[in-house]
Amino acid sequence: MAYLAPRFGPSRFFLPGVSSFRIFHATGMADMGPMMSRSPLERLGFDNLALRKLPLDLSEEPGVRQVKGACFSKVKPEPLTKPRFVAVSHEALALLGLNGEEVVNDPLGPEYLSGSKIMPGSEPAAHCYCGHQFGQFAGQLGDGAACYLGEVKVPPGQDPDLLKENPSGRWEIQVKGAGLTPYSRQADGRKVLRSSIREFLCSEVMFFLGIPTTRAGSVVTSDSRVVRDVYYSGNPRHERCSVVLRIAPTFLRFGSFEIFKQADEFTGRQGPSYGRDEIRSQMMDYVIEVFYPEIQQNFPDRVERNVAFFREVVLRTARLVAQWQCVGFCHGVLNTDNMSILGLTLDYGPYGFMDRFDPDFICNASDNSGRYSYQAQPAICRWNLVKLAEALAPELPPDRAEAVMDEYLDLYNNFYLQNMRKKLGLLKKEEPEDEILITELLQTMHNTGADFTNTFRSLSQISYPTEGDGDEEEEVLKKATELLLQQCASLEELKAANKPSMDPRELAMLISMAQSNPALFQMISDRATIARQLDKLSRLRDLMETNEEELSGKHTEEWSRWITRYRKRLAEELEGQSDVQAAQEERVKVMDSTNPRVVLRNYIAQNAIEAAESGDFSEVQRVLKVLEKPFSAQPGLELPSWSGGGEASTQGERDEGEEAQQEAASSSTARDPVPYDSKPPAWATQICVT
């Protein structure tokens, strides 16, 4: 959840998609013409293959329980009071063959897409899975708030590229926040506006950034309430229950295969279906046959098929995390239960797009050890793949899995360098020194506190070198340096960023303990955490001994040095090129379609959340519109709607049933408006996501 704080089984019908009520009334009424549903959502064609192919727990016994020998459990979504739309994604709903405008104007739309009413053909269920959370096996987890509604058949005429990514011919749809399931543990199965809006917006922006992801079709809110302690301060408040419609080929994950795990040697927990190896084989057959049909066709030998499947999952995961790194995205909770078996970005919780570049960036305020920091993500994904391999054994022989895992680092590095070369506009050649150039760029960004997104976006404005005189080159270098200096942090910002989060006395105690009692030290901390704290302390001491003028001079020197090296490398791109102008235009085009102009920064999401909590949904809809074209400038959409720089809220964008909530949070409208493509405002440093 995000908040502002200091930084410390339904009925089957004879005709699919047509209710029994309408069949009865259509009979003998020739003047009505062909039978048609009153809601477009009642015409969806469901084909719930997963529930036919995988074991289903038919018990509807209420309450939390261990579910043995099943991959899904039947559930009954809990209806909301007066559900209504906050926003819909027209592009995501089109995957299901739905027209967004029709859905928005459908009186039954919010009921169906919140699980308050069950669509014909839908079979609500919750998925059983396990997971390693922060490195420890947690046993049974499962869909504690999400509810599988079914699988909608792909409509005719769908984009072939989408069908290539989803060869199953179906889109699984879920509602997240629809109430209790057997896997809700101590929770209530509900979600609120804050988390729902964040998941909705990020699911969509990741797609438009070109990063594999689950999709989000809508957000619905309601008059139903739950109690949440937003600040974990002992002062809970009531918040509105809200539901996100999620869409993907499947939501199966690494943890889906961990339900067969034997008792863990550290935690003692085991998977609920331990010993049921036949179900693991059944699940592997289902996943490979439905979602990896080429592998199924090309590998008649079962072991070779399974190895090829695992190799493809490794490749997709390496490619995915490389894409995350290249846009500064940090997932926040990379547990094995949050890793998609299809290589999709899955489960948007305490994620964050990095503002000021910091390799140790931690977006999840609950991640005290930095296990899921930005720079740790590639290694953590590898660790999770190892756990997947263990879960697939003996269907996947351990020695074969180990050989595949040896390919991961090279795969990741190749994907990362390929993406980074595009971000730097190095299109004609692949030079060995490119890796050094990229590393030096990131080091310079870190030293100067440069904004990640805007710095990369600015690089396309640095032109190829020409054969002009020295004075002209010097002027180009000066302008390029000034351009990048605009994205750097001030002295005070750097001091704040480098302030150790650990009290100096605690740090001194831990350092002493590491030397005198290593065993105890390992139980309460780790050397990486201490090293990060010491590095921050060292940087802070240096900053305390400088002033703004000296810092500016140092930043200028660092950027001038890197830009000189960069333009020297750009000169090599021109070798053999007769048309420099055409090469420059191609370079700018590629860079500006690779380096986004806008991403979903936390402050952008927070503004939309606060407006929605006070009943104004227009900012959520506006942000979605901006994020649908993250690489382009959109005249008229530069500023938030409440700034006066855009259109006023239109009918349907305001929640008539919502009273003003002055206590909800500090109002976004009281702040000076900041353009969506701007560096974050000062107040953004107070946003905590847990």
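**Charge pairs, helix packing and backbone**

Analyst: Asp535 and Arg539 both lie in helix H20 (residues 527-544), four residues apart, which is about one turn of the helix. The model is a predicted one.

User: What links the side chains of Asp535 and Arg539?

Analyst: Side chains of opposite charge can pair when their charged atoms come close. Here Asp535 and Arg539 come to 3.4 Å, N to O. What joins them is a salt bridge.

User: Are Asp535 and Arg539 buried or partly exposed?

Analyst: Buried means under 20% relative accessible area. Asp535 has 35% relative accessibility, so Asp535 is not buried. Arg539 has a relative accessible area of 22%. Asp535 counts as partly exposed, and Arg539 is also partly exposed.

User: How many salt bridges does the count come to?

Analyst: The cut-off is a side-chain nitrogen of Lys or Arg within 4 Å of a carboxyl oxygen of Asp or Glu. By this rule the count comes to 41 salt bridges.

User: Which residue meets Arg601 in a salt bridge, and how many residues apart are the two?

Analyst: The side chain of Arg601 meets that of Asp355, at 2.8 Å from N to O. Arg601 sits in the loop between helix H22 (580-592) and helix H23 (602-613). Asp355 sits in the loop between S14 and H11. The pair links distant parts of the chain: the partner is Asp355, and the two are 246 residues apart.

User: Is Arg601 buried or exposed?

Analyst: The cut-off for buried is under 20% relative accessible area. Arg601 has a relative accessible area of 1%, so Arg601 is buried.

User: Which helices hold Glu440 and Arg565?

Analyst: Glu440 forms a salt bridge with Arg565, with the closest N and O atoms 3.0 Å apart. The pair ties together parts that are 125 residues apart in sequence, because the two residues lie in separate helices: Glu440 in H14 and Arg565 in H21 (residues 548-573).

User: What is the relative accessibility of Glu440, and of Arg565?

Analyst: Glu440 counts as partly exposed. Arg565 counts as partly exposed too. The values are 26% for Glu440 and 39% for Arg565.

User: Which residues of H14 meet H13, and how does the contact divide by type?

Analyst: H13 brings Tyr416, Leu417, Met420, Arg421 and Leu424. They meet Asp434, Glu435, Leu437, Ile438, Leu441 and Leu442 of H14. By type, the residues of this contact are eight nonpolar, no polar and three charged.

User: What is the orientation of H13 to H22?

Analyst: H13 and H22 pack at an angle of about 125 degrees, with their axes 7 Å apart. That makes H13 oblique to H22.

User: Which residues of H22 make the contact with H13?

Analyst: The residues of this contact are three nonpolar, no polar and three charged. From H13 come Lys422, Lys423 and Leu424. From H22 come Arg587, Val590 and Met591.

User: Which peptide bond is cis, with omega near 5 degrees?

Analyst: Most peptide bonds are trans. Pro394 lies in the loop between helix H11 (377-392) and helix H12 (398-405). The cis bond runs from Ala393 to Pro394.

User: What is phi of Asp347?

Analyst: Most residues other than glycine have a negative phi. Asp347 lies in the loop between strand S13 (329-330) and strand S14 (352-353). Asp347 counts as buried, at 13% relative accessibility. Its phi is positive, near 65 degrees.

User: Is Gly271 buried or exposed?

Analyst: Gly271 is found in the loop between strand S12 (237-248) and helix H8 (277-291). Beyond its sequence neighbours up to four places away, Gly271 touches Cys130, Phe137, Glu258, Ile259 and Lys261. At 2% relative accessibility, Gly271 counts as buried.

Key
Residues numbered from 1 in each chain as written. Predicted model: local features only at pLDDT ≥ 70, side-chain atom pairs only at ≥ 80, totals over all residues. Heavy atoms only, no water. Contact = heavy atoms within 4.5 Å. Nonpolar A, V, L, I, M, F, W, Y, C, P; charged D, E, K, R; others polar. Buried < 20%, exposed > 50% of the residue type's maximum accessible area, 1.4 Å probe, protein only. Axes fitted to C-alpha atoms, helices over the stretch in contact; angles between N-to-C directions. Parallel < 35°, antiparallel > 145°, perpendicular 65-115°, else oblique.
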